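This report concerns the fold of a single protein chain and the surroundings of several of its residues. Please consult the sequence and the model shown here alongside the text.

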Amino acid sequence: MGINDRVVLQIGDILYDRSSKDIGLLVRRTNNHAYESCTDPFELWVWEVYWIHERSTHYTESGLINMIGCGLLVVYACI
């Protein structure tokens with residue numbers, strides 16, 4: 001069972017960036033349909049994260065999960 005199977009992100013989850021000490025909030029998850037025109041279409045989920053110091057930024061869901069798995073980010077699940 002890999003990290004991708006264990007991490008489930010939700011709107012309202014809080015992220016803590018261990019390197020910058022910044023705190024972020026998962027605001028919105030959207031499907032980027034930019035790749036539908038490919039011969040082998042796939043879904044690309046993108047999260048909007050509101051950081052205290054950086055404001056609003058966007059990350060792919062797989063990118064966030066990889067950063068959590070590597071220990072760069074800590075996720076505190078929304079109750």
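The sections below go from the overall fold to individual residues.

## Basis of the report

The model is a predicted one, in which local features need pLDDT of at least 70 and side-chain atom pairs count only at pLDDT 80 or more, whereas totals for chains, interfaces and linings use all residues. Residues are numbered from 1 along each chain as its sequence is written, and side-chain values use heavy atoms, with hydrogens and water left out.

## Overall architecture

The chain contains two helices and five strands, and their order along the sequence is α-β-β-β-β-α-β. Helices (H or I, at least four residues) and strands (E, at least two) are DSSP runs, numbered from the N terminus.

Of the 79 residues, 27% count as buried; buried means under 20% relative accessible area, exposed over 50%, and partly exposed in between (1.4 Å probe, protein chains only). The accessible surface of the chain is about 5500 Å², and carbon and sulfur atoms account for 56% of that area. Accessible areas come from the Shrake-Rupley method with a 1.4 Å probe, and for residues only the protein chains shown count as cover. Among contacts between residues at least 6 apart in sequence, 44% join residues at least 24 apart, where contact means heavy atoms within 4.5 Å.

The five strands form an open sheet in the order β4-β3-β2-β1-β5, with antiparallel pairing; two strands pair if DSSP finds at least two bridges between them. At the edges are β4 (55-60) and β5 (73-76), each of which pairs on one side only. From one strand to the next, the twist averages 35°.

Helix α2 lies across β1 (14-17), β2 (23-31), β3, β4 and β5, and runs at about 95° to β4. Axes are lines fitted to C-alpha atoms, for helices over the stretch in contact, and angles run from 0 to 180 degrees between N-to-C directions.

Strands β3 and β4 are joined by a hairpin through three residues, and they pair in the antiparallel sense over six bridges. Within this pairing, W51 stands opposite R55 in β4. R55 is exposed, with a relative accessible area of 52%.

The phi angle of R55 is near 70°, a positive value in a residue other than glycine. K21, which lies in the loop between β1 and β2, also has a positive phi, near 65°, and is likewise a residue other than glycine.

## The nonpolar core

The largest nonpolar core has eleven residues: V7, L9, L15, L26, W47, V49, W51, L64, I65, I68 and L73. A nonpolar core is a set of buried Ala, Val, Leu, Ile, Met, Phe, Trp, Tyr and Cys residues joined through side-chain atoms within 4.5 Å. Strand β3 (45-51) and helix α2 each supply at least two residues of this core.

## L25 and L26 in strand β2

L25 lies in strand β2 and counts as partly exposed, at 37% relative accessibility. L26, also in strand β2, counts as buried, at 1% relative accessibility.

Beyond residues up to four places away in sequence, L25 is in contact with G12, D13, I14, E48, V49 and Y50. With such residues again left out, L26 touches L9, Q10, I11, G12, D13, L15, W47, E48, V49 and L64. L26 and E48 are 22 residues apart in sequence and 6.2 Å apart in space, C-alpha to C-alpha.

## E61 in helix α2

E61 lies in helix α2 (residues 61-69). Is E61 buried or exposed? E61 is buried, with a relative accessible area of 17%.

A polar contact of 2.9 Å joins the side chains of E61 and W47. A polar contact is a pair of N or O atoms within 3.5 Å; within protein, one must be able to donate a hydrogen and the other to accept it, and residues adjacent in sequence count only if both atoms are side-chain atoms. Apart from neighbours within four places in sequence, E61 is in contact with L9, R29, W45 and W47.
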